[in-house]
Amino acid sequence: NYFDKVTERIAWVPGVREVGVINTLPLQKGPTLRFRVEGRPPTTVDKWPPANYRTVSPNYFHVMNIPLLQGRIFTRSDNNDAPTVLLVNQSLVDKNFSGENVIGKRINFGRSENNQPVWLEVVGVVADVKNQELKEPPEPEFYFSTLQGPFTTMSIVVRTTVDPNSLASAIRQAVFEVDKTVPVADFETM
């Protein structure tokens with residue numbers, strides 16, 4: 001709810017075109033999970049392939065101009081009342097699903113309920129983003145919806161129609177209007 005209110009308020013700042021959120025910005029090492037694919041032969045967790053993951057708002061890909069390659073992106077209906085879904089990047093598909101249609105595949109990260117694995121369905125493939133370093137090739141990545149599992153610390157991304165530095169004060173003010181106790185740690189352009 002907090003991030004919904006903040007992004008809604010920031011969207012009203014003159015010069016702001018679009019707003020989204022992410023747990024770890026591009027060009028920063030994000031958290032990693034090991035995963036298994038439903039229907040594949042069972043192996044031990046240490047043999048499950050790893051992938052980085054990010055948690056994003058439904059409009060994050062649009063704000064950051066990251067193309068959807070297959071399937072769909074997150075919507076507002078991908079919330080806690082809906083089955084948990086995820087998106088993958090093209091590098092993850094190339095490395096782990098070569099020649100397969102990944103849409104509809106179900107993936108588990110080791111979570112279980114009542115001794116049954118919790119499966120998440122892949123609903124979309126997005127283009128690769130250099131999330132580690134510009135000189136390194138993109139890594140396999142998963143994306144989760146903030147509406148199904150937000151982080152307590154998130155970064156707000158803003159696409160502007162004017163010099164973004166000129167909006168720093170207005171964006172900080174918009175955050176404070178939602179909650180004066182929440183600090184704005186940094187403001188930087190990409």
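User: Which element gives the most to the lining of the largest pocket?

Analyst: This is a predicted model, where local features need pLDDT of at least 70, side-chain atom pairs count only at pLDDT 80 or more, and totals for chains, interfaces and linings use all residues. Residues are numbered from 1 along each chain as its sequence is written, and side-chain values use heavy atoms, without hydrogens or water. On a 1 Å grid over the protein atoms alone, a pocket is an open set of points where a 1.4 Å probe fits, with protein on both sides within 12 Å along at least five of seven lines; lining residues have an atom within 4 Å of a point. Elements giving two or more lining residues are α1 (2-11), α4 (168-178) and β12 (155-160); the most, 6 residues, come from β12.

User: How many nonpolar residues are in the lining of the largest pocket?

Analyst: The lining has 26 residues, with L25, S155, I156, V157 and D186 nearest the pocket centre. Nonpolar means Ala, Val, Leu, Ile, Met, Phe, Trp, Tyr, Cys or Pro; charged means Asp, Glu, Lys or Arg; the others, Gly among them, are polar. The lining holds 3 charged, 5 polar and, as nonpolar residues, 18.

User: What volume does the second largest pocket have?

Analyst: F3, D4, R76, T146 and L147 lie nearest its centre, among 16 lining residues. A volume is the space filled by probe spheres set on the grid points. For the largest pocket that space is about 920 Å³. For the second largest pocket it is about 330 Å³.

User: Which element supplies the largest share of the lining of the second largest pocket?

Analyst: Both β1 (16-22) and α1 supply at least two residues. The largest share is 4 residues, from α1.
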